[in-house]
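Colleague: I would like to learn how to read pockets, cavities and sheets in a model. Please take them one at a time.

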Amino acid sequence: MTPHRAAASPQRPIRPVRHLLAALPLLLSLGGTPPAALAQSAAKAPVDPCTEFVARLPNVKAPLCHAAQLKPSNGGVSVQGRTLYQRDVMAPDAKVRVLVVGAMHGDELSSAAVALHWIQRAVETPSNVHWRFIPALNPDGLMARPAKRVNARGVDLNRNFPTPNWARDAKIYWEQRTKKDPRRWPGPKPLSEPESKFFHEEMERFQPDLIVSIHAPYGVLDFDGPTVPPARLGRLYLDQVGIFPGSLGNYGGVHKGMPVVTIELPSAIRTPLDAEMRQMWLDLLRWMSERVIPAEGDAKVLPVKVKKTG
């Protein structure tokens, strides 16, 4: 015979008012931020970029990365919430502004590494330049496993800049010339991506006299803009590869009049030797001293002082 059981007491109701009152001081201190937004905010909190860079990039050790003293940029954040970092190196007599960008394509790891090495060169080599380095414009692609050319939304950032007739030309080029290569999708519209939008805004804020965009792995030197291009940087010789809808060279060099030197390193996964990176840097400084004119119109550019080291 089944023993008699007392009727189960009804389940005690959840007391949302009590819970809300208990959490009220915390919510008020946070300005009423909902929990979901708090979690997202925590995920986006800046961390030491060297933790990821040293683990990911070739020929980048912790002392080099920490010496770069990277700082969070002015509001730059990737699709996945990674902070975009930068470093300014400015001479007291700076007359020229130069914007250097690496890892616009995330699978070109060497480009970010060279940018970090060049920060050290900028600090060591006196010149009349205000340098602004953004070593990794596409950190989501860079940190993906495997690394990806495109950003987290599958957009090629170097086809997402607002060149004239972008809506027509970018689509035609992607469909007909690349056969809809997913690695070269220009995106749904110009500056649709937070990374390209940030860089576009940085161009407007900083007003560079020169942009140096580091890529890989074609082993050449490309140039777009109104002045005489450098014939070589180290072992990389000038070989202008053409103009593409939505590219930085097309937008900055052709349509904005900001000279764009595009460096194509020979390898995407290995940096050049340290001596070669140094020679590329010195060649760039020499060319700048002859050809880069400040935007304010002063035709007399202070000669770049090259200090021999090592």
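Colleague: Which residues lie nearest the centre of the largest pocket, and how many line it?

Modeller: Rolling a probe the size of a water molecule over the atoms shows where empty space is left. Here 27 residues line the largest pocket, and Arg-149, Arg-159, Tyr-218, Phe-244 and Glu-264 lie nearest its centre. On a 1 Å grid over the protein atoms alone, a pocket is an open set of points with protein on both sides within 12 Å along at least five of seven lines, a cavity is a set where a 1.4 Å probe fits but cannot get out, and lining residues have an atom within 4 Å of a point. This is a predicted model, in which local features need pLDDT of at least 70, side-chain atom pairs count only at pLDDT 80 or more, and totals for chains, interfaces and linings use all residues. Residues are numbered from 1 along each chain as its sequence is written, and side-chain values use heavy atoms, with hydrogens and water left out.

Colleague: What is the volume of the largest pocket, and which elements each supply at least two lining residues?

Modeller: The largest pocket holds about 500 Å³ of space, a volume being the space filled by probe spheres set on grid points joined across faces, edges and corners. Strand 5 (210-215), strand 6 (220-224), helix 9 (248-255) and strand 9 (260-264) each supply at least two residues of its lining. Helices (H or I, at least four residues) and strands (E, at least two) are DSSP runs, numbered from the N terminus.

Colleague: Which residues line the largest cavity?

Modeller: Arg-159, Ala-170, Tyr-173, Trp-174, Arg-184, Pro-186 and Pro-245 do. The volume of this cavity is about 40 Å³, and the count is 1 cavity of 30 Å³ or more.

Colleague: What is the strand order in the open sheet?

Modeller: Strands of a sheet pair through backbone hydrogen bonds, either parallel or antiparallel. This open sheet of 7 strands runs 1-2-4-3-5-9-6, with mixed pairing; two strands pair if DSSP finds at least two bridges between them. Strand 1 (71-77) and strand 6 are at the edges with a single partner strand each, so one side of each has no neighbour in the sheet. From one strand to the next the twist averages 25°, where angles run from 0 to 180 degrees between N-to-C directions and axes are lines fitted to C-alpha atoms, for helices over the stretch in contact.

Colleague: How many bridges join strand 6 and strand 9?

Modeller: Strand 6 pairs with strand 9 over 5 bridges, in the antiparallel sense. Leu-221 stands opposite Ile-263 in strand 9.
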